[in-house]
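Colleague: I have a predicted model open and would like to go through it with you. Shall we start with how the chains meet?

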Amino acid sequence: MRRQIPLYIVLVSGIVFVIQFFIPSHESEFIFEYGQDWVMVIGILALPLGIWSYLRKTCLTAVKKPKERFFAGVSLFGFAIMMLTGLRRESLMAGSLYMDLFNYILVPIQATIFSLLAFYIASAAYRAFRARSVIATLLLGTAFIVMLRLIPLGPISDANQALVAWILSVPNMAAKRGLLIGIGLGAIATCIKIILGIERTYMGRD
Amino acid sequence: MTTVELLWNGLAAFLTLCIFSFLYKDNPFYKFAEQLVAGVALGYWTMLLYHTTFTDKVLFPIFQQGKLHYILPTIMGIMMWTRFSKKLAYLSRIAIAFYIGVGTGVGLPLYMYNYVFRQLQATVVPLNVSWLGFNSLLMVVFIICTLIYFFFSKEHTGAFGGFSRVGIYTLMVGFGASFGLTVMGRVALLVQRIIFLREYFIALFGS
Amino acid sequence: MNFYEKMLNIDRRWIYLVLAIAVILPAVVSFYVPVNVTPEVRRVYDFIEDLEPGDKIYVGIDYDPASLAELHPMAYAILDQCFRKNLRPVVATLSQFGAGMAEQALADVASKYNKASGIDYCYLGYKPYPAITIMLMGVDFRVPFPQDYYGTPLDSLPLMRYVHNFSDLSGVIDLTSGNTADFWIIYGYGRYFMPLALGVTGVMAADYYPYLQSGQIFGLISGIKGAAEYEALTGYKGEGLKSIPYQTASHVIILAFIIISNIGYFASRRREK
């Protein structure tokens with residue numbers, strides 16, 4: 001019973017909302033609005049689970065791993081300082097200590113972590129980007145032409161820009177559309193399997 | 001920059017260099033910055049969530065607008081927390097089931113429309129004797145060949161194999177274009193940090 | 001190990017150093033790189049330029065600091081154009097770290113034109129679950145956003161008095177770095193058919209050409225080059241155009257890496273034969 005009731009809920013709510021899409025009426029829009037609104041509220045209340053999980057893991061690390069204790073402490077300190085400085089809604093405005101900590105700690109660190117990818121992509125381009133086969137050459141050649149568009153090459157630039165525009169709007173577009181149609185069909189099949197109860201991984205184990 | 005701005009930007013520059021130090025090798029400065037951002041990010045998001053989401057969608061409607069029907073989804077949301085209890089974990093499945101059921105029900109016709117119908121509709125375009133018409137013909141051929149490449153129920157031999165080969169070539173051109181744009185994207189992130197550091201050091205030493 | 005094999009197996013930290021020097025070079029030796037404007041960027045610019053003063057438009061700032069470099073210049077240029085034309089942007093963010101950056105961008109640009117929150121623009125703030133929020137915004141903005149970012153009920157804001165959903169806005173311009181772009185197309189355009197344009201990172205850009213060709217989006221601003229193109233069109237002096245010489249230098253180096261490694265690869269193979 002504990003596994004059957006959720007399956008029936010998924011079946012009924014899934015079918016109701018599929019049918020709702022095709023019925024343009026006040027009652028149908030009412031169901032849609034309230035259904036989505038309730039899902040949003042449920043989702044909002046589920047978010048503290050993630051916060052709790054992270055705090056639990058960090059505290060356990062601080063207690064059980066002496067070598068990681070300092071860094072776990074740094075993480076908890078950062079969390080605590082943001083909680084304290086963000087207690088009032090007015091803290092959300094530009095110029096507050098809460099927003100200054102966001103702008104001068106979180107933004108530069110996150111931006112810099114992702115900027116490391118530039119080095120990794122340069123290293124990957126040097127080590128792995130080789131014309132080993134026809135397919136690899138095609139990939140390499142296309143990437144080369146697209147990367148050239150930011151380099152001023154005099155009269156060749158106009159031809160390169162036109163070629164890049166053609167590559168993006170014809171073969172690239174065709175490839176991505178083929179992938180999209182495949183993804184779409186897969187997503188539709190997964191939705192049907194979930195609604196009919198064939199796919200049950202969202203329920204977890206007993 | 002004022003002195004206060006110089007100090008704040010100095011902190012940002014120090015943390016930026018801590019992260020860049022990872023390029024040489026993993027070190028305590030990198031770990032410090034990495035753990036700090038994890039805590040700060042979670043703390044920031046927690047307070048943002050409380051003020052703009054929990055307050056607006058739970059406290060404000062129930063206690064200020066008198067919309068008592070929000071109590072039912074609130075209870076269902078709290079049921080999600082029972083996931084950590086072995087005895088009561090089955091209650092969380094009810095809330096998850098409602099969430100999943102609504103999501104898949106709403107998504108199914110929209111995926112069909114956006115991923116399949118509109119894409120097929122845009123593929124079947126009028127052909128004519130012009131550069132545009134030639135491109136449209138090429139587009140149709142490339143899309144069909146790409147779809148043939150992913151059809152694994154038939155062996156890729158003969159003419160079918162030939163079409164499949166054109167399909168993989170089309171995919172490689174698409175991935176090559178993506179790679180070229182990815183390089184631009186990744187480098188842009190690095191460039192922004194370099195520009196920030198340049199402007200900071202000019203402000204620090206130039207003034 | 002011969003010369004070519006040594007060249008191919010060089011310590012990656014030398015590659016990092018060469019790239020770092022290449023990127024720092026334009027900071028020392030400045031040079032100009034022309035930027036050509038693509039039709040998909042021009043369409044976004046023309047759409048906003050053709051609007052009348054007082055028209056309302058939705059601007060979504062749905063990215064986090066990891067994509068700041070590419071999308072923040074777009075946000076500044078678009079908001080600057082909106083305020084210059086006396087349009088009334090309704091701004092919201094569906095990314096958890098976008099809220100602070102959106103507030104900063106609005107504070108910077110709105111103060112330049114003396115625009116007031118609630119009258120000349122409205123900042124709705126942040127909500128999680130982008131797909132649900134988009135669908136609810138199409139019903140009524142007041143459902144997902146009963147109050148704006150500053151805690152003022154939407155009903156008491158003069159700007160939002162006659163704005164209920166997407167049909168009361170001229171269009172949607174969304175700047176995003178994640179799958180929020182897909183959500184806008186599927187759940188936003190797919191249900192409400194409002195004019196939709198996207199600003200995306202370079203990594204994602206190539207994936208959205210099918211939607212451009214099918215008409216599901218009317219414009220596409222791609223990465224830092226797209227941001228530079230938009231700044232060139234609007235005349236806004238921002239980070240986009242400033243970044244292009246650095247991009248050029250780094251692209252030259254990366255292309256050189258590819259050429260050198262392929263020369264080494266083929267030479268090494270010939271030696272083995």
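Colleague: How many residues of chain B are in contact with chain A?

Modeller: This is a predicted model, and totals for interfaces use all residues. Contact here means C-beta atoms within 7 Å. On the chain A side, 92 residues take part. On the chain B side, the number is 93.

Colleague: Which helix gives the most to the side of chain B that touches chain A?

Modeller: Helices H1, H2, H3, H4, H5 and H6 of chain B each give two or more residues to that side. With 23 residues, the helix that gives the most is H4(B).

Colleague: Now chain C. What distance separates the centres of its two domains?

Modeller: The domain assignment gives domain 1 two stretches, 3-30 and 247-272. Domain 2 of chain C covers 39-237. Taken over C-alpha atoms, their centres are separated by 39 Å.

Colleague: How many helices and strands does chain C have, and what does its C-alpha trace span?

Modeller: The secondary structure comes to 11 helices and six strands. Along the principal axes, the C-alpha trace of chain C spans about 75 × 35 × 30 Å.

Colleague: What share of chain C counts as buried?

Modeller: A residue is buried if 20 or more other C-beta atoms lie within 10 Å of its own. Chain C has 273 residues. Of these, the buried share is 59%.

Key
Residues are numbered from 1 along each chain as its sequence is written. Chains are lettered from A and ligands numbered from 1 in the order in which they are written. This is a predicted model: local features need pLDDT of at least 70, side-chain atom pairs count only at pLDDT 80 or more; totals for chains, interfaces and linings use all residues. Two residues are in contact if their C-beta atoms, placed from the backbone, lie within 7 Å. Helices (H or I, at least four residues) and strands (E, at least two) are DSSP runs, numbered from the N terminus. Domain bounds come from an automatic or database domain assignment. A residue is buried if 20 or more other C-beta atoms lie within 10 Å of its own, exposed if 12 or fewer, and partly exposed in between; C-beta atoms are placed from the backbone.
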